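Please keep the sequence and the coordinates at hand.

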Amino acid sequence: ELFDQIGEALAQKKRSSMFGVDCYCCGRKPFILFYQQELVCKLYGPERETALRLAGASLFAPIKDAKPMHNWVQLPYEHADKWELYAQIAYDFVAAE
């Protein structure tokens, strides 16, 4: 599956779980999740805003009707061609934290 290919390439197979869904971590910090067949990336600044402009993209809310998580962007499968790019950006942000 594409999510695992991306995560394993970036995180050297550091797969974990967050909110009961699969994620990959940089050290102990998650940077991507796989939720409802969509990629969720931790993004900041202009990269976050650019990702949110993609059709169908939204802020991630792990619980229905809950307040979305400000720096987590959910990217639908229709943008799978951009998943690797945004996963790399998310990894770089988390690695620098």
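Aspartate 4 has a relative accessibility of 16%, so it counts as buried, the cut-off being under 20%. The model it is read from is a predicted one. Aspartate 4 is part of helix H1. Leaving aside residues up to four places away in sequence, aspartate 4 touches Arg15 and Tyr24.

The next residue to look at is glutamine 5, which also has its place in helix H1. Is glutamine 5 buried or exposed? Its relative accessible area is 55%, and because exposed means over 50%, glutamine 5 is exposed. Along the chain, glutamine 5 and glutamate 84 are 79 residues apart, yet their C-alpha atoms are separated by 9.2 Å.

The protein chain contains three helices and six strands. Read from the N terminus, the order of the elements is α-β-β-β-β-α-β-β-α.

How do these elements contribute to the interior? The largest nonpolar core has 25 residues, and the members that touch the most others are Phe31, Ile32, Cys41, Leu43, Leu75, Trp83 and Tyr86. At least two residues of this core come from each of helix H1 (2-11), strand E2 (21-26), strand E3 (29-35), strand E4 (38-42), strand E6 (69-75) and helix H3 (80-96). H3 supplies the largest share, with eight residues. Another core lies apart from this one; it has nine residues, including Val21, Cys23, Leu33 and Phe60.

Among contacts with a separation of 6 or more, 52% are between residues 24 or more positions apart. Of the 97 residues in the protein chain, 43% count as buried.

Overall dimensions come next. For 97 residues, a compact globule would have a radius of gyration near 13 Å, and the 12 Å of the protein chain therefore agrees with that expectation. Taken along the principal axes, the box filled by the C-alpha atoms is roughly 30 × 30 × 25 Å.

Technical notes: Residues are numbered from 1 along each chain as its sequence is written. This is a predicted model: local features need pLDDT of at least 70, side-chain atom pairs count only at pLDDT 80 or more; totals for chains, interfaces and linings use all residues. Side-chain values use heavy atoms; hydrogens and water are left out. Helices (H or I, at least four residues) and strands (E, at least two) are DSSP runs, numbered from the N terminus. The radius of gyration is taken over C-alpha atoms; the globule rule is 2.2 Å times the number of residues to the power 0.38. Buried means under 20% relative accessible area, exposed over 50%, partly exposed in between (1.4 Å probe, protein chains only). Contact means heavy atoms within 4.5 Å. A nonpolar core is a set of buried Ala, Val, Leu, Ile, Met, Phe, Trp, Tyr and Cys residues joined through side-chain atoms within 4.5 Å.
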